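Trainee: I would like to learn how to read helix packing and a sheet from a model. Where do we begin?

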Amino acid sequence: MEEVNDNIQFKITDELIEQVEQLIEAQNDKEIESLFKDFHYADIAEILNELNLEDSLYVIKLIDSETTSDILMELDEDIREKVLQNLSAKEIAEEIEELDTDDAADIIAELPLKRQYEVISNIEDEEHKAEIQELLTYDEDSAGGLMAKELVKVYETWTVAGCIRRIRGQAENVTRVHSVYVVNKKNKLIGRLSLKDLITAKSDQKIADIYISSVDFAYVDDDVEDVAKIMAKYDLEAIPVVDRNQTLLGRITIDDIVDVIREEADKDYQLAAGISQDVEADASILQLTRARLPWLALGLLGGVGAFLIMEGFQESFAKYAVLFFFTPLIAAMAGNVGVQSSAIIVQGLANDDVRGSVNSRLIKEMLLAALNGTALAIVLFLFVFLYNGSFLTALAISVSLIAVIVVAGLIGTFVPLFLHKRGIDPAIATGPFITTSNDIFGILIYFLIAKLILGF
């Protein structure tokens, strides 16, 4: 990948898009090349995302392969899919040969199986081809599926002078040298090498005398989310990947981990909002319906459940009609408290910040909910008493509010912890699931306490 030029930044405007379309229509190749000369590939990709397919292909075939290969990685997935469909296997292979192995494997994995074989067979660099084929064998959600084969490694038996000479050759194929890894004669990772120590050491010293044996690593079959947590915890820019025999296989860099974190955050946000599939704003109506309908159906069932509960207390409405008007308030408070509690727990689980037993968490949440509920209940008691003039009615509603808030807090805390223990994404607990369950329990508790205090 190319280095980002921090001194040149472009704002993609409608006027710029229109200018590009006009140049393409006029087939003014020199002006197009001149316009894009100082653009970062990410900016060019953003422009191509706004063009129609024909114009996007025109630009891609006009620009050199070294740049267009990076552009392909930045395109929206649906646009990239269409672009790849309109390129020959040989053209795709030419782009692939300009990419790092991890990016190359990602693009090939998006192609149909038959198309994959065609593209791979057109890759001329045999070593690059073999490394890509190896990466394609790993699960996409594992460290192996995310790693790149490009790295700088040295053998413990080398001298400093020989090491520096060999590093120069290896570094030509590595965009950024984050770390130098040390291996033994069996290619097993045994440590890392500080560039400062390498530069200051005597030329005839052995690497075995100056390398650092402490090194963080990931196993090739580790889940990418676990790798992301390790890199975030230790502020790593790159992490080596090994098999269970400690054989060095590749490395994962921070830019790939950022993508993982962003994708996971998007998924959790959609789950919390009640969207069961990974969709985007411009997805088809059918895709959006499939993603949203299951949780909307759950909300419908919850509404029916609340209706049945209220129907069981309909006789009380004739005598205590004021209870009916506070039902939305009770349901809303239950839902809000439940979502707040579950959101904090889900965030803590994601960041590995949740400590202690489940019981201690529930006790803490119960005390917190009771404190918040009491403060709100005092305000509500005064309002109802001044509005209605009935001490018992005000007491029933305010006590119900405390009970509902405590129960909602406990549910919002327990459910994500329970799901996490069962290996289910706890983010599913934060949206309609918690809101619906707390609405039902909240209304049930509300009328039971009101019945107990008011005696109807």
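Mentor: With two helices: the axes of helix H2 (residues 29–36) and helix H4 (residues 53–62) come within 11 Å and cross at roughly 80°. Axes are lines fitted to C-alpha atoms, for helices over the stretch in contact, and angles run from 0 to 180 degrees between N-to-C directions. This is a predicted model: local features need pLDDT of at least 70, side-chain atom pairs count only at pLDDT 80 or more, and totals for chains, interfaces and linings use all residues. Residues are numbered from 1 along each chain as its sequence is written, and side-chain values use heavy atoms, without hydrogens and water.

Trainee: How are H2 and H4 placed relative to each other?

Mentor: Angles of 65 to 115 degrees count as roughly perpendicular (under 35 is roughly parallel, over 145 roughly antiparallel, the rest oblique). H2 and H4 are therefore roughly perpendicular.

Trainee: Which residues make the contact?

Mentor: Contact means heavy atoms within 4.5 Å. H2 supplies Asp29, Ile32, Glu33 and Phe36, and H4 supplies Tyr58, Val59 and Leu62.

Trainee: And the sheet: what is the strand order?

Mentor: Strands (E, at least two residues) and helices (H or I, at least four) are DSSP runs, numbered from the N terminus, and two strands pair if DSSP finds at least two bridges between them. Here an open sheet of 3 strands has the order E1-E2-E3, with mixed pairing. Its edge strands, E1 (152–155) and E3 (189–193), each pair on one side only.

Trainee: How many bridges join E2 to E3?

Mentor: Strand E2 (residues 180–183) is joined to E3 by 4 bridges, and the two run antiparallel. Val182 has Gly191 in E3 as its bridge partner.
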